Amino acid sequence: MSIGSTAQSEAHPAFLPIREHTIDSLNIRVEQYEHRSTGAMHYHLAADNNENVFLVALRTVPHDSTGVAHILEHTALCGSDRYPVRDPFFMMLRRSLNTFMNAFTSSDWTAYPFASQNRKDFDNLLGVYLDAVFFSRLDPLDFAQEGHRVEFAEPGNPDSDLVFKGVVFNEMKGAMSSVTSVLWNSLCEQLFPTTTYHYNSGGDPEHIPDLSYEDLKAFYKSHYHPSNAIFMTFGDIPAAQHQAAFEERALARFKRLDQRIQVGAEQRLPAPLRVQGSYAHDESGPTDKKTHIVIGWLLGESTDLEQLLEAQLLASVLLDNSASPLQQVLETTDLGQAPSPLCGLEDGMREMVFCCGIEGSEAEHADALEALVLATLERVASDGVDHDRMEAVLHQLELHQREISGDGYPYGLQLILQALGCATHYSDPIAVLDLDPVIAKLRAQIQDPQYIRELARRLLLDNPHRVTLVMAPDTGLSARRNAAEAARLAKINEKMDAQSRARVVQLATDLAARQRQVDDESILPKVELSDVPDSLPDLAYRESNIDGIPITTYDQGTNGLVYQQVIAPLPLLGAEHLQILPLYTQIITELGLGSADYLEAQHRQSATVGAIHAFSSMRGAIDNEQSVSGYLALSSKALLRNDRQQSELMRETLENVRFDETARIRELISQQRARREQSITGNGHGLAMAAACAGMSPLAHLNHELSGLAGIRKLRALDDSLQEQVALDGFAGTLADVHRQVVAMPRQLLVVAEAEKTAAVADQAARIWGASPPSCEADRFALAPRRERRAEIWLTNTQVNFCARAYPTVPIQHPDAAALTVLGGFLRNGFLHRAIREQGGAYGGGASQDSGIAAFRFYSYRDPRLDETLQDFDSAVSWMLESSHEQRALVESILGVIGSLDKPGSPAGEAKQHFHNRLFGRSHEQREHFRQQVLGVSLEDLRRVTDTYLRPEAASTAVITNSSRLEATRALREKLGLSVQKL
């Protein structure tokens, strides 16, 4: 049915059907409705999928950097009219079988999504979400907890210094430790001088304390109204059923609001700008080659489909891979270390932004970089781009359109988020989902050689709305910010009279009392263990041997895509070879093949497959974490019409890769270093846990040494050493040595495709691989046993802390593994969430069992504290052993584990996971047995495993902080014997 036709699907009487449109390539029917009384829009993506998704979004357009939209997102979830408990969102997390629950604050919208495969659970969550969004209580104490407040450094002592506290306040301190976040916010501030994007929607820690409770309530009243709302659903629940719930639980209580909240068009700059800025650099050592230079252009409307696709086409032509003209010069220039993480097109705002640039540079290179970029664009505008490269870009667009993802966010939520931007700006969200007609139109347009030339000139070269941002490291910036914050607090303190001081003390007392109070959770809906399916279906697969090649095939609904992997056991590697294994797997698909250089290989990949990458996979045995096995896999996905070229490319990648492109290898190592360094502030809790667990098992130690903080430190040293050609040649030789050992190992193939296609794809792949040189069996990968305590404090560039503590436990086959897995959620729900997030002010904290390395870990994320958090970890253990506990809390923790075990993935992702589980001895029967053990865990089991494994003498500790706090941690370091580690 064409767009614009009257919807045929049944609607609730309160909703007016607008239209419906079937998108064959996505196997969905999009239905649009309008609520008659309020004007709220409902877009329903009808699909034969039982993982139903709900999202309600509000247009939120702040006019300052106080973080009002972000703090409101947090506070709205802290209790509502129908559910007047302190923390219904986190309570429902543990009373649910959800496959996704969260809330997002974007630059111009706030969204509340969830997903579930269980109808009862979906209905429970829908009621809680609707009440939270439209009938939030907005308690002042919740604003103080989630947003900001002042407290005395010594609780109860009004003569001590004041400090700022608040979950969002600390979250944004952590977020702004990320140089990438600082870059993006600084660039938007200049590109958008007059609209909402000028401000930091998440909140700038310098301005968050300016937000008042009255400002929060006013923003809620004006923005959180159905007339400003967009409802989006996905799945097999009919639209009318959703609408009945919307009407009954929320919309019937509202009338239309006569105001249109929207983002205005930005005033265009008459000429390009050059802006100098700085970011906090808190690491010791030199600051040379640490400047970022970014060039950004403001483009057209993201809601105009033609403008959107033109911008996406041009961005892909320029930056899609290392053979793309702009990407190539940014990767190979001596002006910087690597392309900027901001490179690409940002199309989520009303007007799009195109960025390019470099990191690891110097401020004096700004002119040279501008000249290089503009010369490259001029070359594209003058000479054009080869037609086959344009076709490769459209091939990527088509493949992306067809792929059924869902291994991260649920697939339905990904589609909803893809459409949300247009809906937010009162445009057509259906058109951005149905890209096939647009791709066909672009394919016709690129037949004209002038088309891409004209785009490059019109969108970029002749566009004066351009900003060049130069961000240099400043080792004193953090100290000046801390001094300014201290001075601000001192000024507040000076002006306080006795009554004001008493109010601060009282607020802290009231908040602490509220955080301790036990709410009546029975008013919240819940699922029971009886709602949990008895078992999960196994995936069907076939194993065969064609021309001497073992092949496993899975028939899955892949929507016309083919997924292939070639898998080989890892050989026994020496220490030097093992250390570079992650670099080898990252590099192997980025080099030339045979006589073709890497540029030709990159273009061939783009034209043939959607992705090709190598990875190593290692796991401990199910009954012995000290026994580790490993495999290497080369993986790719392609459209069915390209399956032969896909197999041929994979074989040539494995057999004809060339390691003589040393300049390319040098670039790749620099890029990898830059990416790994940027990951620290976003994954600090993961890195801290890896460091704390490094003595638990050989695999845990290897994880820390290869991909943890120790690995980042070694990567820095390697990158510095490769400045010398002799060292670079030696490293390339070592990569080749690893490769020779890997390709000598026996291989097997994995094919995932549509049922009627797998046999033909597998047969063809076997013929292509069957002609390969025969492999010989060598000694297989193994690691020496390891079990030791660790105690470390790592210093890096962060404004917040990350804490971890770990205990050695058992592998998954052990009878106690299930109880330890349930214990993680039990400690988080019952103790850690309150102590670390609500009272301590960290953005997050928790505990979990990792049976793969036989370790139980505590962690905190973006945490203002160190010693107190480590004490909270110990207190959680005492609480478990010494307090009485309710059966209800146990059931909630079991539900959380079952929800994670039963969470669906994409069709291809589930097949690949099933195959690799079996490869490592994790059969369906073994996983079902573990699932039944989880369902049978008792409170006594939790106490017993806590007492058995979480003993103080067995604990390992790792924390991440910055060098300015080193002296303040002296007592902690001495108490715990923490060794200081620097990156």
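Let's start with Glu886 and Arg888, whose side chains meet in a salt bridge at 3.1 Å, N to O. A salt bridge here is a side-chain nitrogen of Lys or Arg within 4 Å of a carboxyl oxygen of Asp or Glu. Glu886 counts as partly exposed, at 47% relative accessibility, and Arg888 also counts as partly exposed, at 31%. For these labels, buried means under 20% relative accessible area, exposed means over 50%, and partly exposed lies in between (1.4 Å probe, protein chains only).

A quick word on the ground rules. This is a predicted model, in which local features need pLDDT of at least 70, side-chain atom pairs count only at pLDDT 80 or more, and totals for chains, interfaces and linings use all residues. Residues are numbered from 1 along each chain as its sequence is written, and side-chain values use heavy atoms, with hydrogens and water left out.

How many salt bridges does a search of the whole structure find? The search turns up 67. Here are three of them:

| Salt bridge | N to O distance |
|---|---|
| Arg19 and Asp428 | 2.6 Å |
| Glu403 and Lys637 | 2.7 Å |
| Glu886 and Arg888 | 3.1 Å |

Helices (H or I, at least four residues) and strands (E, at least two) are DSSP runs, numbered from the N terminus. Arg19 counts as buried because its relative accessibility is 10%, whereas Asp428, at 22%, counts as partly exposed.

Glu403 and Lys637 also link distant parts of the chain, this time 234 residues apart. Glu403 is in the loop between helix H12 (387–402) and H13, and Lys637 is in strand E21 (residues 624–639). Both Glu403 and Lys637 are buried.

Some charged residues join up in a network of salt bridges: Glu283, Arg666, Arg673, Glu677, Arg716, Asp719 and Asp720.

Now for a bit of backbone. Most residues other than glycine have a negative phi. Leu138, which is not a glycine, has a positive phi near 50 degrees. Leu138 lies in the loop between helix H3 (119–134) and helix H4 (140–146), and counts as buried at 4% relative accessibility. Asn559 isn't a glycine either, yet has a positive phi of about 60 degrees. Look for Asn559 in the loop between strand E18 (549–555) and strand E19 (561–569). Is Asn559 buried or exposed? Asn559 is buried, because its relative accessible area is 9%.
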